[in-house]
Amino acid sequence: MALTLPELDRIANLARLELQPTERDRLLNQLNGFFGIVEAMRAVDTTGIEPLAHPVDAMQGQDIVLRLRDDVVSEPNQREANQQTAPAVERGLFLVPKVIE
């Protein structure tokens with residue numbers, strides 16, 4: 001799969017990007033290079049290969065135990081103090097102007 005300049009222009013238009021001619025050529029080459037890598041990866045036969053639970057499993061050959069900290073509250077509730085400078089608060093929530101009708 002390779003992108004053409006008209007396709008790149010359409011994608012840039014949808015993304016609201018204004019690309020200069022030199023940027024267009026460079027970006028087209030980069031994207032087509034990426035698509036080439038994806039195609040090479042898709043060509044590899046992976047039938048019968050188990051997915052790894054963690055990428056380090058392939059190197060260590062054993063299960064990885066993640067060192068996670070306990071989920072405990074470490075900061076006091078400072079909602080009221082933080083809302084002291086807010087222009088508008090109602091029932092503990094910040095009030096903001098409506099931006100979508």
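**View 1. R16 in the loop between α1 and α2.** R16 lies in the loop between α1 (5-14) and α2 (21-42), where helices (H or I, at least four residues) and strands (E, at least two) are DSSP runs numbered from the N terminus. The model is a predicted one, in which local features need pLDDT of at least 70 and side-chain atom pairs count only at pLDDT 80 or more, while totals for chains, interfaces and linings use all residues. Residues are numbered from 1 along each chain as its sequence is written, and side-chain values use heavy atoms, with hydrogens and water left out. Although R16 is not a glycine, its phi is positive, at about 60°. Most residues other than glycine have a negative phi. R16 counts as exposed because its relative accessibility is 69% (buried means under 20% relative accessible area, exposed over 50%, and partly exposed in between, with a 1.4 Å probe and protein chains only).

**View 2. R91 in the loop between β1 and β2.** R91 is found in the loop between β1 and β2 (93-94), and this residue, which is not a glycine, has a positive phi of about 50°. With a relative accessibility of 74%, R91 counts as exposed.

**View 3. The salt bridge of D9 and R24.** The structure holds two salt bridges, each defined as a side-chain nitrogen of Lys or Arg within 4 Å of a carboxyl oxygen of Asp or Glu. In one of them, the side chains of D9 and R24 meet at 2.9 Å, N to O. Because D9 lies in helix α1 and R24 in helix α2, the pair ties together parts that are 15 residues apart in sequence. D9 counts as partly exposed at 33% relative accessibility, and R24 counts as partly exposed at 21%.

**View 4. The salt bridge of R42 and E39.** R42 forms a salt bridge with E39, and their closest N and O atoms are 3.5 Å apart. The two residues are three apart in helix α2, so about one helical turn separates R42 and E39. R42 is exposed, with a relative accessible area of 64%, whereas E39 is partly exposed at 35%.

**View 5. Q83 and its surroundings.** Q83 is placed in the loop between α4 (79-82) and β1 (89-90), and it counts as buried because its relative accessibility is 11%. A polar atom of the Q83 side chain lies 2.8 Å from the backbone oxygen of G92. Leaving aside residues up to four places away in sequence, Q83 touches V89, G92, L93 and F94, contact meaning heavy atoms within 4.5 Å.

Technical notes:
A polar contact is a pair of N or O atoms within 3.5 Å; within protein, one must be able to donate a hydrogen and the other to accept it, and residues adjacent in sequence count only if both atoms are side-chain atoms.
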